[in-house]
Amino acid sequence: MDAILKGIEKITPFFEKLSRNKYMVAIKDGFMETMPIVIFSSLFLLVAYIPNIFGFYWSENMEAILTKPYNLSMGLLGLVMSITTAKHFTGALNREMPVDNQINATSVMFASLVGFMFLSVDFIEGGITNSYLGSTGLIAAFISTFIAGNIYKASIKRNLTIKMPKEVPPNISQAFKDIIPFGLSLLCFWIIDMIIRKFVGTSLAEAIIVLIQPLFSAADSWGGTALIYGAMAFFWFIGIHGPSIVNPAINAIAYINQANNIAAFQAGQHATAIVTPNTGEFIATLGGTGATFVVPFMFMWLAKSKQNKAVGRAAVVPTSFGVNEPILFGGPLILNPVFMIPFIVAPILNVWIFKFFVEVLGMNSMVAQMPWTTPGPIGAFISTGFAPLSLLMMAIIIAVDVLVYYPFFKVYDKQILEKEKEEEELLELEEEAEGIDENLLEKSKASEKITNVLVLCAGGGTSGLLANALNEGAEESGAKVHAAAGSYGSHHDILPKFDVVVLAPQVANYYEDIKQDTDRIGNKLVKTGGKEYIDLTRDPDGAVKFILSKMDE
């Protein structure tokens, strides 16, 4: 086991660096901001087409009314992503720029949007085509973002801008400063568009789809699904947020597959594409990465160890809603060699069972997009268009996950049971530190200023656990502390409102990136370890004292 851990320690820094790559992070954060569009629009599809299962069909006019919100939201996903990705990519670029010579994010967003239109639309009589403004145009959106962003960075870094006299107001001066990089961006897109149309005869967005078409079959294959969801689990196991690495690489394919499934479902055909966003959330990562939905129940009901029973009780509710950090770090499962095999194997088996039900038994794949916090069995049932077979499928998946995890769980539970007799002395250590903590608490009560705390995690779920504990502890103790939860990537605009920023374990590898922002603003930045974080979420009073001690450093 020690050899396994040593091997993991050697490769972890490389993957941590990969997860912090500014291009991948910009894509991930850009997608995060589009979630309301993706989820809200799917609800209208359910209303429009689920009645077909029972033999009821809306009139063509009513169908057009019901699907209009979808067409004007998901149908513009690529266009929106060219804006949201540009916003976050510019933020990453600005960390590399001098504080007094920053890139104008709004201007980059406009340049990226115009570039996306160059690369994605064709002019027809009376307007333009919209075939590639949605999910099929995602890769073109990323290309336009990264080209525009790098042109702006190169231009501003080399002072290739129009400089105005000091007397000119800053807003007007900024507009002139952006003229040259904006013009160079458009010129670049214009040239790319002419070259592609000259030699290929289509827009870049259409050419890309044709070029990568084989990847769709490869991703949906038995080997492809194993690689995608096995890699996601592997990265999480070594302590790196797996979706942060894998999702940016497959999101374009996943959302195009989702659109293809929806088109087939609308036409009354069999929706067969496997790799979609909800496949990961409700099948491969049922209950969270590692397919951990069943694990807290096993800890809670089958463990002989008191510690494991307590971990199971604390983790069962959040894990049921896809927030599995309490069991990942509280177990722990990650970086625990005992659980390495089931943590990687269970997601692969889950998606293979799903693939069997879709391709062999004729069940529809995912045809609607539900929030990732929907309990997995319910989410799978709704996302497959209320397919009755999905209920049987989920029962089988849960049973298989129990069988996969059970022998490893028994080994681990025996280990913990043997150690519990030696851990009673830890309580004395906590009592020794109590006096210092109480002094800090009294200082906070006497203070007039409220300490505002922002807790960040990957998706906004785990951070809510600590934020709730902090607010509960502050209310009980009278400490002037107020906490809010957020997701990494959507935090940039609100950082100045907080005094302390706490990074949950799955985003702790972004510490150096966000420290550049917090140092500039003057916030206190704190990163936490896995067990430390989970312990804080269970101890409201201790969580408050932890924050106050960090403020006092």
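This section describes the cores, a surface patch, backbone features and salt bridges of a predicted model.

The largest nonpolar core holds 139 residues. Within this core, Phe 299, Phe 343, Met 393, Val 453 and Leu 470 have the most contacts. Helix H11, residues 242-266, supplies the largest share of the core, with eleven residues. A second core is separate and has 14 residues, including Leu 456, Tyr 488, Phe 498 and Tyr 510. In soluble globular proteins, nonpolar side chains tend to be buried together.

Residues up to four places away in sequence are left out of the count.

His 241 sits in the loop between helix H10 (222-237) and H11. Its relative accessible area is 12%. His 241 is therefore buried, as this value falls under the 20% cut-off. The side chain of His 241 makes a polar contact of 2.8 Å with the side chain of Ser 244. With neighbours within four places in sequence set aside, His 241 is in contact with Trp 236, Ala 458 and Gln 506.

Trp 190 belongs to helix H8, residues 179-199. The relative accessibility of Trp 190 is 46%, so this residue counts as partly exposed.

Ala 399 lies in helix H18, residues 388-419. Ala 399 is partly exposed, with a relative accessible area of 40%. Its C-alpha is 8.8 Å from that of Val 294. In sequence, Ala 399 and Val 294 are 105 residues apart.

Most residues other than glycine have a negative phi, and most peptide bonds are trans. The peptide bond from Gly 331 to Pro 332 is cis, with omega near -10°. Pro 332 is placed in the loop between helix H15 (325-330) and helix H16 (340-359). Leu 335 is partly exposed, at 39% relative accessibility. Phe 386 has a positive phi too, near 60°. This residue is in the loop between helix H17 (376-383) and H18. At 31% relative accessibility, Phe 386 is partly exposed.

Twelve salt bridges are found in a search of the whole structure. One of them joins Asp 513 and Arg 20, with the closest N and O atoms 3.4 Å apart. Asp 513 is in helix H22 (residues 511-521), whereas Arg 20 is in the loop between helix H1 (2-19) and helix H2 (22-49). The pair therefore ties together parts that are 493 residues apart in sequence. Asp 513 is buried, at 14% relative accessibility. Arg 20, with a relative accessible area of 29%, is partly exposed.

Glu 33 and Lys 87 form another salt bridge, in which the closest N and O atoms are 3.2 Å apart. Glu 33 comes from helix H2 and Lys 87 from helix H4 (residues 77-94), so parts 54 residues apart in sequence are tied together. Glu 33 is partly exposed, with a relative accessible area of 31%. Lys 87 is likewise partly exposed, at 25% relative accessibility.

A further salt bridge brings together the side chains of Lys 153 and Glu 96, at 2.5 Å from N to O. Lys 153 lies in helix H6 (residues 138-157), and Glu 96 lies in the loop between H4 and helix H5 (105-120). This pair thus ties together parts 57 residues apart in sequence. Lys 153 counts as buried, at 17% relative accessibility. Glu 96 counts as partly exposed, at 39%. Lys 22 joins Glu 96 and Lys 153 in a network of salt bridges.

Technical notes
Residues are numbered from 1 along each chain as its sequence is written. This is a predicted model: local features need pLDDT of at least 70, side-chain atom pairs count only at pLDDT 80 or more; totals for chains, interfaces and linings use all residues. Side-chain values use heavy atoms; hydrogens and water are left out. A nonpolar core is a set of buried Ala, Val, Leu, Ile, Met, Phe, Trp, Tyr and Cys residues joined through side-chain atoms within 4.5 Å. Buried means under 20% relative accessible area, exposed over 50%, partly exposed in between (1.4 Å probe, protein chains only). Helices (H or I, at least four residues) and strands (E, at least two) are DSSP runs, numbered from the N terminus. Contact means heavy atoms within 4.5 Å. A polar contact is a pair of N or O atoms within 3.5 Å; within protein, one must be able to donate a hydrogen and the other to accept it, and residues adjacent in sequence count only if both atoms are side-chain atoms. A salt bridge is a side-chain nitrogen of Lys or Arg within 4 Å of a carboxyl oxygen of Asp or Glu.
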